[in-house]
Amino acid sequence: MVNKNDRVTFGSKLGVILATVGCAVGLGNIWRFPYMTGANGGAAFLLLYVICILLLGLPVMITEFFIGRHSRRNAAGAFKAMAPGTKWSIIGYNGVLAAFLILGFYSVVAGWTLEYITEAFSSSLSGKSAVEFANDFTAFSSSIVRPVVWTVIFVVLTHFIVVSGVDKGIERASKWMMPVLFLMLVVLCIRSVTLPGAEKGLAFLFKPDFSKIDSSVVLSAMGQAFFSLSIGMGCLITYSSYFGEKTNLQATALQVTILDSLVAILAGVMIFPAVFSFGIEPTAGPELVFITLPNVFNQLPLGNVWSIIFFLLLGLAALTSTISLHEVATAYVHEEYNMTRKRAGAFVSLEILILGVISSLSMGILKEYTVFGLTFFELLDYVTTKIMLPFSGMLICIFVSKRVDKSILKEELTNKGTVPFYFFNTYAFFTKYIAPVAIGLIFLHELGLITLIKNMF
Ligand code: PHE
């Protein structure tokens, strides 16, 4: 077991926030959020998503920060340390497993950003119609060699950064990248909303049609909230275990949540006006962002340069997330199995490579092999975002409410009384009742149990 005090901590206050934002902001905001919103009816989904962020996301995030900094262990070790000899460490194992599975599909999409960077370099993204962009994407993503090679490159890149140590790699990368990505999003939003027919896209994103809401939309919104905030899987437990004593946990959680949601909404504003303007189907699925954005770049002077910078930054945003996911698994294997960090990292990377290759191929030659009608790629996404993360989130809330003395919770969250937590009681109430009950009800509803009970009476 690695000594508690040997663990490095983040160097600066800004470093803490940026690294955590780096973990939260990624493909989930810019790739998955628009595609989910498009597939689930637009504004109604956005509304449910925001509700999930506030009601469930924020309390769970604060709670994860508490667990991580209080225990100063990896995702699984934290529960072992706080509740020795109990089964609560299952939350940690679930998180470690989720990290592997998420990386299995996330690295494929991250690989796609690399393809787009090289395509932009060879200027092959310019002068095409919306239909051509869409066809090109399908041809690329369903092919055998290129997407697999990009996936492998992305995993290897993540691997080297993770084994080189948390403080150097993560902090340095996040510092300059996030602000630049943010600025670019703003400019692209402006270009998108000034396209002809953009109003339809804005209406789709902001004018809710409540008839679109059903239980699967609610489950999707909850899953997206968990995925985007990186909660329910121990990532933030692992990260906050590196936080310093003075880090204000509640304020950090609030800042990360706001920034993360803002980036997602900006991504929506960047995508939907363009989707409608170029006659793309909002329900296109995982390819939505990749077939929409090249059209927007085409409308800008120096479109290829925009394209290169944007996909480079998106790739880097994905990288800060894959680093954190990899870190969850590596920290676990390293600390719990007494392996060197290097060996643990190599072990983790190998598993991810296997999953990543299969899920990339499931876009093409393995497409016919499905489970419950889902391809391997879709299955990894469904199981992690819609089941494992919210389920863990629910258990995390129950764990803290049941096992942790309220005074200890308050002491940690207020840094021993040195920072105020005005809404502590509200937070505790949400964590104890609202979040676990709401998540539980959504699950029961999705499983059809509530309808079953209703029909019985
Ligand atoms: N939140 C990240 C994103 O939006 C994905 C992620 C999920 C990262 C879970 C870590 C843990 O891209």
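In these exercises a surface patch is a set of residues with over 30% relative accessible area and no salt bridge, in which like charges are joined within 9 Å and nonpolar side chains (Val, Leu, Ile, Met, Phe, Trp, Tyr) within 5 Å. The structure is a predicted model, in which local features need pLDDT of at least 70 and side-chain atom pairs count only at pLDDT 80 or more, while totals for chains, interfaces and linings use all residues. Residues are numbered from 1 along each chain as its sequence is written, and side-chain values use heavy atoms, with hydrogens and water left out.

**Exercise 1. Confidence**

Task: State the average pLDDT of the protein chain, and identify where pLDDT stays under 50.

Solution. Step 1: pLDDT is the predictor's confidence in each residue, from 0 to 100. Step 2: the chain average is 90, and 93% of the residues score at least 70. Step 3: the stretch under 50 is residues 1–5, for which the model has eight contacts (heavy atoms within 4.5 Å) beyond four places in sequence.

**Exercise 2. A nonpolar patch**

Task: Determine which residues form a nonpolar patch on the surface, and classify L55 by its accessibility.

Solution. Step 1: the members are L47, V50, I51, L54, L55 and F210, with about 510 Å² of accessible area together; areas come from the Shrake-Rupley method with a 1.4 Å probe, and for residues only the protein chains shown count as cover. Step 2: L55 lies in helix α3, residues 43–71. Helices (H or I, at least four residues) are DSSP runs, numbered from the N terminus. Step 3: buried means under 20% relative accessible area, exposed over 50%, and partly exposed in between. L55 counts as partly exposed because its relative accessibility is 32%.

**Exercise 3. Salt bridges**

Task: Give the number of salt bridges, then locate the partners of the pair E245 and R72 and of the pair E327 and R341.

Solution. Step 1: side chains of opposite charge can pair when their charged atoms come close. The criterion is a side-chain nitrogen of Lys or Arg within 4 Å of a carboxyl oxygen of Asp or Glu, and by this rule the count is eight. Step 2: in the bridge between E245 and R72, the closest N and O atoms are 3.4 Å apart. This pair links distant parts of the chain, 173 residues apart: E245 is in the loop between α11 (235–240) and α12 (249–277), and R72 is in the loop between α3 and α4 (75–82). E245 counts as exposed at 51% relative accessibility, whereas R72 is buried at 13%. Step 3: E327 and R341 meet in a salt bridge with an N to O distance of 2.8 Å. E327 belongs to helix α14 (residues 303–336) and R341 to helix α15 (residues 341–361), 14 residues apart. E327 is buried, with a relative accessible area of 1%.

**Exercise 4. The surroundings of T252**

Task: Is T252 buried or exposed, and which residues does T252 contact beyond its neighbours within four places in sequence?

Solution. Step 1: T252 is placed in helix α12. Step 2: T252 counts as buried because its relative accessibility is 4%. Step 3: leaving those neighbours aside, T252 is in contact with V16, I17, F65 and T247.

**Exercise 5. Positive phi angles**

Task: What is the phi of L302, and what is that of F372?

Solution. Step 1: most residues other than glycine have a negative phi. Step 2: L302 has a positive phi of about 55°; L302 is in the loop between α13 (288–298) and α14 and counts as exposed at 64% relative accessibility. Step 3: F372 has a positive phi of about 50°. F372 is in the loop between α15 and α16 (376–403), and counts as exposed at 80%.

**Exercise 6. Helix α15**

Task: Which helices do the buried residues of α15 pack against?

Solution. Step 1: the buried residues of α15 include A344, G345, V348 and I352. Step 2: the buried residues of α15 pack against α5 (90–121), α6 (130–141), α7 (145–163), α14 and α16.

Definitions and conventions:
Helix = DSSP H or I, 4+ residues; strand = E, 2+ residues; numbered from the N terminus. Buried < 20%, exposed > 50% of the residue type's maximum accessible area, 1.4 Å probe, protein only.
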